[in-house]
Amino acid sequence: MNSLTFKRHLIESFKSLKRNGWMTVAALSAVAVTLLLVGVLLSVLMNINKIASDIENDVQVRVLINRGTSKKQENTLRQNLAKLDEVKSIRYSSKKQELKDVIGSYGKEFKLFSGDDNPLNDVFVVKAKKPKQTVKVAKQAEKMKYVYTAKYGGASAKKLFKIVDNIRTWGIGISLLLLFVAVFLISNTIRITILSRKDEIGIMRLVGATNGFIRWPFILEGAWTGLFGAIVPIIIVDFGYVWLYRILSASLASTGYHLLTPGTFLIQIDLLLILIGIIIGALGSGLSMRRFLKI
Amino acid sequence: MIEFTHVYKKYDNTTAAADFTLQIKQGEFVYVVGPSGAGKSTFIKMMYHEERPTSGKIKINEFELDKIKNHEIPYLRRELGVVFQDFKLLPRMTVFENVAYALQVIGKKPAEIKERVEHVLALVGLVNKADSFPSELSGGEQQRISIARAIAKKPEIVIADEPTGNLDPGTAEGIMDILERINQQGTTIVMATHNSTIVNERKHRVIEIESGKIVRDQQEGGFSEHE
Ligand SMILES: Nc1ncnc2c1ncn2[C@@H]1O[C@H](COP(=O)(O)OP(=O)(O)OP(=O)(O)O)[C@@H](O)[C@H]1O
Ligand SMILES: [Mg+2]
């Protein structure tokens, strides 16, 4: 195909979109709704996955220091902790700092605990070298002097690991299912718009158009439908995600787990939605018109 | 060159063509006449391969239609200009685009297409309807667009199924003038018609079909046998 013919097909596909009127609108809406579903579910699943791996890779043990322990004693404890083979780093966080974190994630009401009313402990935040060692580090720290208790992110982790594993397996399953549904819905809508044009395709054959010549504008039209149909879902997903991210990341801050940052993640989702739209749109129309090309 | 050899066409319970054997040479002008339901359209549809014969051989120029492959059919149709009995205009395209389509299909350049389309629309007297859609046209206007589309690419063979069926006598004469003029330039014309006046006044070869049989094939014939 030379560039002249391609240009002709391109113009033709746009004209056809315009002249199809409500058919185009119907196809666009179907694509938009489907892609919105895909976008939302994908964002949720990918974030669950992210937090799951955050939890899995959590090497942090919080060693709470007895209240009333002196600076000197705290230093002794620090040295003892540092002696453990599995420990990679130790960071001190005063109870003042701890309260700030709490206020940050749970709200200003907690401000009334400031000053002498602060019920929190000073904390050594200890990082193990490997996630699996957190349990051991916590147990050893708990036995040490001046230690009130030692918590590791995975306190509830064993159970969580199982849940997370399940979510992951299910997530992949649901994504595949959704993708299948998307393919089905989009190509079906486009098939219906093409069915209504069966006679047209027949006439094109009768006046000597090759199948390729007939097919290209339809394929392009399908691709446009996919592309334009992706715009609204992209806008909703992008704004919705940024909004939710702001709300959720504040409350997640103290846990040390993070949602995927909107920037690159959203660009990936956007591109994926566009890609799904275009490919399914083009394939849907290309394939569903095949049987009309035999006249 | 159009060649039918022992061609049969059977629909469920009608035989629309029984043992058609004939030749139409390049440059001939042929009327196909006969009562409604005789098999004229079937005869014509088999030429551009919309209908396939039940048995027998058809040859159109270099194409042997019993052996033609699906992807070769468009190239057969490019050598033919067809005026369909039901016009077959593309409903979503304007008059201009409908005629242009037949030229785009064969890869003509936009400038040439514009010139050719304007020329044939002027021939059939519909330049002012160029931007209308088929649904906005009268039956006779649609028919003339179908004719314009068929002749725009200057095909070697023009096959017309009742090209004057919806036209007043004056306009019909105008269309006949066009067809005879391109015939004089060497184009084969095969034309099914019910119009006795035209057949009797502009004498050409007449093939008469009755209930699926060729009952007469006469040079310079009249609309019926003894005219
Ligand atoms: N697709 C079809 N299926 C079944 N029968 C058909 C089909 N097409 C045509 N026929 C039958 O074949 C016979 C010939 O039809 P055809 O259309 O060739 O007639 P015609 O001579 O063109 O008639 P008219 O002058 O009315 O256009 C008719 O009896 C018709 O009913
Ligand atoms: Mg007929």
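Biologist: Which residue is the bridge partner of Val33(B) in β9(B)?

Modeller: In this predicted model, the bridge partner of Val33(B) in β9(B) is Glu208(B). As a general idea, strands of a sheet pair through backbone hydrogen bonds, and they do so either parallel or antiparallel. Here the pair belongs to strand β3 (residues 29–33) of chain B and strand β9 (residues 204–210) of chain B, which run parallel and are joined by four bridges.

Biologist: How many bridges join β9(B) to strand β10 of chain B, and do they run parallel or antiparallel?

Modeller: Six bridges join β9(B) to β10 (residues 213–221) of chain B, and these two strands run antiparallel. One place to look is Val206(B), whose bridge partner in β10(B) is Gln218(B). β9(B) and β10(B) form a hairpin with two residues between them, and in the turn Ser211(B) has a positive phi of about 40 degrees.

Biologist: Turning to chain A, what is the order of the strands in the open sheet of four strands?

Modeller: The order is β2-β3-β1-β4 (chain A), and the pairing is antiparallel. The edges are taken by β2 (87–93) and β4 (147–152) of chain A, each of which has a single partner strand, so one side of each is left without a neighbour in the sheet. On average, and with direction ignored, neighbouring strands of this sheet are turned by 20 degrees against each other.

Biologist: Which strands of chain A does helix α3 lie across?

Modeller: Helix α3 (residues 71–83) of chain A lies across β1, β2, β3 and β4 of chain A, and it runs at about 160 degrees to β2(A). Helix α5 (residues 134–143) of chain A likewise lies across β1, β2, β3 and β4 of chain A, running at about 175 degrees to β4(A).

Biologist: How many residues does the contact take from chain A and from chain B?

Modeller: The contact takes 16 residues from chain A and 20 residues from chain B. On the side of chain A that touches chain B, the elements that give two or more residues are α1 (3–19), α7 (198–206) and α8 (211–229) of chain A, and α1(A) gives the most, with five residues.

How values were computed. Residues numbered from 1 in each chain as written. Chains lettered and ligands numbered in written order. Predicted model: local features only at pLDDT ≥ 70, side-chain atom pairs only at ≥ 80, totals over all residues. Pairing = 2+ DSSP bridges. Axes fitted to C-alpha atoms, helices over the stretch in contact; angles between N-to-C directions. Contact = placed C-beta atoms within 7 Å.
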